[in-house]
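Here is a short briefing on one chain. Look over the sequence and the model first, then read the points below.

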Amino acid sequence: MSKEIRPGHSASRERESASEVGRRSIIQGLAVSGCLAATGLLGSVPACAQGTSSKRPQPGQRFVFMTGDKEGQPVTPDDVKVGEPPLLVYPMDPATKTVISSRASLLILKRIDEADLDTSTKPHSAGGIVAYSAICTHEGCPISGQHENPRMALCNCHGSTFDLGNNGTVAHGPAVRRLAMLPVTITDGELVVAGKLDGPIGPPTS
Ligand code: FES
């Protein structure tokens, strides 16, 4: 496992800024999903986070940008680059073009150097791209923070850090449970969901 690198002071300021962007984005997204009233903005929302199985990503679905200039547009493998922050996305049914917008389906994509992926994680990746539930397992905030270590993802709410190169395990708390991982593959140049999330979403409910 790579050595953890904690963000410095300037990184903290960037983190705060990124947090605000993330909060605005998620609020917009949750308004679409109908979960906003239940969440209390970005607080703990285990009931909503779990969702129904139909709202979880399903094999064969594609990915669309959750926010930004390309919001709603398909994500290509080239859109996910090494060293960039986790990319917030929703799955999309390729036949009906229906975007599955819910907390249970909110995901992060990140590309990691394949040589830096653990052996248990690599079979579920595609060209170094890994996918996980975006819902922090501490108190349910969306995870969108950049970390100095390119295989890590940072939750801006309380600083939990997850190792996306090692099954989403917790590298730094207060979260104690790993992120659920979603297998992906590349088919005919498209990034495709290749399985189901391999664990519960969000914080423990008891
Ligand atoms: S909600 Fe993510 S660290 Fe607290």
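What share of the contacts in the chain with a separation of 6 or more comes from residues 24 or more positions apart? The share is 60%. Keep in mind that this is a predicted model.

**Overall make-up**
- The chain has 3 helices and 10 strands.
- Along the sequence, the pattern reads α-α-α-β-β-β-β-β-β-β-β-β-β.
- The chain has 206 residues, and 43% of them count as buried.

**Strand β4 and its partners**
- Strand β4 covers residues 129–133.
- In β4, 5 of the 5 residues are buried, so the strand is largely enclosed by the rest of the structure.
- β4 pairs with strand β3 (residues 107–111) in the antiparallel sense, over 5 bridges.
- Within that pairing, Ile-108 has Tyr-132 of β4 as its bridge partner.
- β4 also pairs with strand β8 (residues 181–182), again antiparallel, over 2 bridges.

**The open sheet β5-β6-β7**
- This open sheet holds 3 strands in the order β5-β6-β7, and the pairing is antiparallel.
- β5 (152–154) and β7 (169–172) are the edge strands; each has a single partner strand, so one side of each lacks a neighbour in the sheet.
- On average, neighbouring strands of this sheet are turned by 35 degrees against each other, direction ignored.
- β5 and strand β6 (residues 161–163) run antiparallel and are joined by 3 bridges.
- Leu-154 has Thr-161 in β6 as its bridge partner.

Methods
Residues are numbered from 1 along each chain as its sequence is written. This is a predicted model: local features need pLDDT of at least 70, side-chain atom pairs count only at pLDDT 80 or more; totals for chains, interfaces and linings use all residues. Two strands pair if DSSP finds at least two bridges between them. Helices (H or I, at least four residues) and strands (E, at least two) are DSSP runs, numbered from the N terminus. Axes are lines fitted to C-alpha atoms, for helices over the stretch in contact, and angles run from 0 to 180 degrees between N-to-C directions. A residue is buried if 20 or more other C-beta atoms lie within 10 Å of its own, exposed if 12 or fewer, and partly exposed in between; C-beta atoms are placed from the backbone. Two residues are in contact if their C-beta atoms, placed from the backbone, lie within 7 Å.
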